[in-house]
Amino acid sequence: RACATAVSAAAYARDRLPMSRNTGPTGPEKRKDLAAGAHKTKSREFYDIIRQIGECKNKTDEDAIMRREQMMLRAILSSPKLDKEKMKEYLIRLLYVEMLGHDASFGYIHAVKATMEGNDLSLKRVAYLATTQFLNEDHDLILLIVNAVQRDLRDDNYLVVCAALTTICRLLNADQIPSVLPQVTELLTHQNEHVRKKAVAALHRFHQRAPSSVEHLHGKFRSMLCDKDPSVMSSALCALFDLITVNPAPHKNLVPSFVSILKQIVEHRLPKQYDYHRVPAPFMQVKLLKILAKLGESDKLASEEMYSVLSVCLKKAADQSGIGNAIVYECVRTAATIYPSPVLLENCAAAVSRFVASGSNNLKYVGLDSLSVITNVNPKFVLEHQMAVVNCLTDSDESLRKKTLDLMFAMCKTHNVEIIVAKMVAFLGDAQDAHTREDVVSKIGVLAERYAPSTSWFIDTMTLVFETGGDVVKPQTVSSLIRLIGEGSGDQKADETLRANAVSAYEALLKKSNRVPAALLRVIVWTLGEFGGLICGGDAHGHHAVMDLLCDASETQVEGSEVLGMVCTACAKLAARGGNGFSTKAHSLVSRNQKSKNVTQTQRARELTALLKEDKAVVTAALPYDSSCVEIDFDANLGFLEHYVNHARDKGAGEYKTEQERALETRRANSSVVSGREIESVSSGSYVAEPYHGSTPRPPPSESLASAQTLPHSEYVPMDTSGAVLPKGAGPRSDAQSSARDPTLHDARGSWGDVWTNSHDISSRPGVYSSSVAPARESGLPGAPFSEPEPPDERSILANALFSCAVSPAPPPHAAPPAPAPAMDLLMVLDSPGAGTPAPDLLGGFASASVGATGHFGAMAGGMMVGLPSAQMGMGPGVGTGVGMGSSGGSFGMAPGAVSSIPAHLRDRTPKKKTDPFADLLG
């Protein structure tokens, strides 16, 4: 956007340029005319806007100015009397509005229209500039731009053609490329070099957007390398670089041409106007060096043609400053990418060494990066500059220090590992960033393990690293060090020396200070537990001294659960080899761990205590010496258990089943239990929602059917915990018997949904308040004495009346079963009765029926009561979920002669017919 502002200002300043190069004033007269013309086309408002924008001190003031300008331009452009002579100024002001973050979409169409103006060149160019900033390739106005571009590409004025080519590079998408591709191809042979350069750039852009559209024109790019104008050749280089990056093989034959062009540029054969700070065409040199690096990679023949010109280019650029440093850097990267030349790489290392010694951090970074590239090819060319690299490690720039660490790690070898690791350890002590410290610790560990000159140096270095950066040491590093000490290198003598040095160093460290980082302490505990006997020999006192050192060190750990377990194991190993048991401190530590809240510590302490009480052979077999890396053979099939398995199978034990098999059997068992309950409820003629009684066994279906007897509700029926009827004369259950079964849903008196065994006895459930004697189990508490309930209120009376109904007598045995009732929505039937069926009266029928009758309650679903087939259940207009009607007719009425138990004052005020039958009940 900033570039667009500069271009717009330049275009505005050129608004008085002549249409042809050969016409118009020149020299001072031309400058005067330009200034006069500029003043003539600019208004005072334009100058005020630019001045106010420059004087803004914050974003708020700038937004206020732009909003005011936006409103003003909107009004001007929507006016029917638009002054087209000022259209150029309006477009530039729109550019300012758009670039400063405000909406100028109301002016897009005016910019598109201005591109079609054929008389004013400056207006057309400003219009093209504005459209490239306003629109994108998917905008709806692009089709209009395509029409204007097709016409302007055939214009005789090269400035118009260049403006059109610039526009299509910015706006055209892949679908619109074929519409202008033939015209752009013809412009490659235009007489003006600017048009040819723009045409090559346009084809390059087409390749980036849709490579297949210009696939047949790749030869055009090669031919444009021979153009007499360097700018056209430079534009072709950019296009060829993209093609070579994708596939360098077809362009290998262009290596001599590229080498020749680079040689001509280095020798100052190009016009002076292409020099930058007295460096000949530096950007062309950089592009050519990148192309040569792509073509010479892993190609010895092609690389040999480049060595000479690269040496000349490197030597010429090394004497320059500024842009010359960029050429040197690119020469180094090219020399390291192509087939290596020792002489060229040595010259490159010498050229970039002055960067590392420079006082500029930017040049230091470039030098370090260049040396890293050379190191990847052959580190020996960088060794003479290693001290200059090491000195960069103390720089205050964090990015520079990180780059130095990477380079030091890459250039480290056996002969310089001590110097580089020492510098890294010193840097680790001063570093504050956790990520940097972690990276340094990892690098030091790798270098020490790979290039250690001696075992003692390795142990001392790793101990120093753990002491300095123990807080950032990864568990993998600890495991690697332990594995290295345990496994060794395969040379028995060298391994023994390594372990002896490690044990001596760690013992001296613990005697010096028992406060060591947890990571280092884990290594020390494991090493002394495995190889502590190397410094103790057969002396039991020596083993006890090592145990005491380990116990004292473990006491300093704040969160030492893992370390405590390792210390207990290490003390057990030392006790097994010393033959005199635990020391006093070790015994105290193990005893405390036997009572620890940590289950792992407790188990380990108890196992070790019991193990040391066994025979010496058993202890030696369980805690052998130097066997941490011994491979143990084991039988994956557990064949040693075959005898025990066969013995258990002979005694009747079942076969082992996997967790999936057990889960499947559990699901099958549950489904069978559910099926048995359904069969039992269907056979008994009612559905009883029984709760789960824990481990109480359910009686077989036969017993349940036998116990389903017709019992009057007024008679107290004693039952046992399984629900079976007790013998007549049996007294009530004791408290112990009652506690075996919790209160259930059908134990509560008067609760909705309780169903008695004989559903055909209309007196089986009292629906109104009564002082009749009820069994104790109806009180909700088994075995509790019966107490008179409180009289129900009016709402309870209505609820009992609504959800209670009489059941007609059972049909004769030989009568044919009634036809199943169709599934229906009960509420829908109530709201919209059939044509020939009168609307049901919910409460009127209760006037001639006993409200205390017990109905058949259950879960209703789709016209069928759960547990009863639809053929045995008559459906009548019911209310609410779970209200079942009589089994034969579906009639909704009370028994003849029955008297309603609803009080008269409630029954009289209840409307007989209502569209919504629940209105009064719920009110």
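The protein has 42 helices and six strands, where helices (H or I, at least four residues) and strands (E, at least two) are DSSP runs numbered from the N terminus. This is a predicted model, in which local features need pLDDT of at least 70, side-chain atom pairs count only at pLDDT 80 or more, and totals for chains, interfaces and linings use all residues. Residues are numbered from 1 along each chain as its sequence is written, and side-chain values use heavy atoms, with hydrogens and water left out.

Of the 923 residues, 42% count as buried; here buried means under 20% relative accessible area, exposed means over 50%, and partly exposed is in between (1.4 Å probe, protein chains only). The accessible surface comes to about 49,800 Å², and 54% of that belongs to carbon and sulfur atoms. These areas come from the Shrake-Rupley method with a 1.4 Å probe, and for residues only the protein chains shown count as cover. As for contacts (heavy atoms within 4.5 Å), residues 24 or more positions apart account for 65% of those with a separation of 6 or more.

Now to some individual helices. With 13 of its 13 residues buried, α5 is largely enclosed by the rest of the structure. After α5 comes G101, with a positive phi near 95°.

An α-helix has 3.6 residues a turn, so residues three or four places apart point the same way.

In helix α26 (residues 475-487), T477, V478, L481, I482, I485 and G486 are buried. Viewed along the axis of α26, they too fall within an arc of 165°, so they line one face of the helix. They pack against α25 (455-469), α27 (492-512) and α28 (518-531). G488 follows α26 and has a positive phi, near 75°.

Further along, K573 lies in helix α31 (residues 561-578). Is K573 buried or exposed? K573 counts as buried because its relative accessibility is 14%. Leaving aside neighbours within four places in sequence, K573 is in contact with G529, E530 and L623. A622, in helix α34, is partly exposed, with a relative accessible area of 42%. Its C-alpha is 9.8 Å from that of L612, ten residues away in sequence.

F640 is placed in the loop between α34 (616-622) and α35 (642-650), and at 57% relative accessibility F640 counts as exposed. Together with L638, L641, Y644 and V645, F640 makes a nonpolar surface patch of about 510 Å².

Technical notes:
Patch = residues over 30% accessible without salt bridge, like charges linked within 9 Å, V, L, I, M, F, W, Y side chains within 5 Å. Salt bridge = Lys/Arg side-chain N within 4 Å of Asp/Glu carboxyl O. Arc of directions from axis to C-beta.
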